[in-house]
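Dear colleague,

Please find below the structure that I am handing over to you. My notes on what was found in it follow directly after.

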Amino acid sequence: MFLKDSRKVVLVGTGMVGMSYAYAMLNQNICDELVLIDVDKKRAEGEAMDLNHGLAFSGSHMKITAGEYKDCANADIVAICAGVGQKPGETRLELLERNLAVFRSIVNPITESGFNGIFLVATNPVDIMTHIVCSLSGFNPRRVVGTGTALDTARLRYLVGDFFEVDPRNVHAYVMGEHGDSEFVPWSQAMIATKPVTTICQEGDTQSCNAALGQIEVEVRTAAEKIIEAKKATYYGIGMAMVRITRAIFGNENSVLTVSSMLRGEYGESGVYVGAPCIVNRNGVQKVLELDLTEEELQKFKSSCDLLRETYAGLSL
């Protein structure tokens, strides 16, 4: 898809999440051109200036500007971080009504520009918002990707690694389902190297080990809530998750990431955007990777999908 030499990203929304993404891209030299768009044009201009002043220290040669929707025409990726923030005690699904209007004013001018790349959506509730972008844009669902449970999966691996005293990079485990209250960990598929976590538990104090895994799952699910209570918002982690997905796209990596994608029969589910392990490359979601879930895990996944489907069906698109 990327025939030209330069890798161009347009970022819509220069709030804390968007700028954490931009700052991380600058430090990791992820793209060659970055355009910032915001309803507050002056803020976008100021953010572009601030980033440009750090170029000399970054080892990057990025061209960073504030722009307009017409700049999406030749972009490879349009990342959407725009929207109203999550309030303390507010669920991600409660954000939906307030963010729907915002997206109507964003997606149409992007597609009208002639944009033909990949949408990367981070705005919460991310599964629903990604589905909305897909519907409003008319794009092939494979080219509309949400951050899904990518960050939740990173949190899970960190906590499991900490508990078992193992490098998180050697923990292979996933968080699946809605990026929210109905997400779950399929422990039957969790491994350290190639050894199942459940087997490791059975070799020791099984009861206390299982209790610890249960507590880890709760911590993963409530992490955002705790961070919001402490510092009003979450942004560094999700910004880094977005960079990881962006790198997988530009590098045509075929990396397995738990992004939010449209299911077409996988796990017996269809017509719903939800977090699941996917192979991600320059085409977006190349394939949804089906794990061998237990009956109990499949039921949890179905419940999460049903919730998202029901919520989406209630929208007037």
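Which residues does H131 touch, not counting residues up to four places away in sequence? They are M262, G271, V272, Y273 and Y312. Please bear in mind throughout that this is a predicted model.

H131 itself lies in helix α5. Its relative accessibility is 8%, so H131 counts as buried, the limit for that term being under 20%. From H131 to V144 the C-alpha atoms are 8.1 Å apart in space, and the two residues are 13 apart in sequence.

I turn next to the aromatic residues. A pair of aromatic rings is described by the distance of the centres and the angle of the planes. Searching the whole structure gives seven aromatic pairs. One of them joins F115 and F119: the ring centres are 5.1 Å apart and the planes stand at 75 degrees, so this pair is edge-to-face, a term used for angles over 60 degrees. F115 also pairs with F139, and here the centres are 5.8 Å apart with the planes at 20 degrees, so the arrangement is stacked.

Taken together, F115, F119 and F139 form one aromatic cluster. Is each member buried or exposed? F115 has a relative accessibility of 3% and therefore counts as buried. F119, at 0%, is buried, and F139 is buried as well, with a relative accessible area of 10%.

The charged end of R157 is found over the ring of Y174, at 5.0 Å from the ring's centre. In the other case, K231 lies over the face of Y235, and the distance to the ring centre is 4.0 Å.

Finally, I would draw your attention to E33, which is located in strand β2 (residues 33-37). With 18% relative accessibility, E33 counts as buried, because the term covers values under 20%. Which residues is E33 in contact with, leaving aside its neighbours within four places in sequence? The contacts are R7, K8, V9 and K63.

With kind regards

Key
Residues are numbered from 1 along each chain as its sequence is written. This is a predicted model: local features need pLDDT of at least 70, side-chain atom pairs count only at pLDDT 80 or more; totals for chains, interfaces and linings use all residues. Side-chain values use heavy atoms; hydrogens and water are left out. Rings of Phe, Tyr and Trp (its six-membered ring) pair if their centres lie within 6.5 Å; planes under 30 degrees apart count as stacked, over 60 as edge-to-face and the rest as tilted. Buried means under 20% relative accessible area, exposed over 50%, partly exposed in between (1.4 Å probe, protein chains only). A charge sits over a ring if NZ of Lys or CZ of Arg is within 6 Å of the ring centre and within 35 degrees of the ring normal. Helices (H or I, at least four residues) and strands (E, at least two) are DSSP runs, numbered from the N terminus. Contact means heavy atoms within 4.5 Å.
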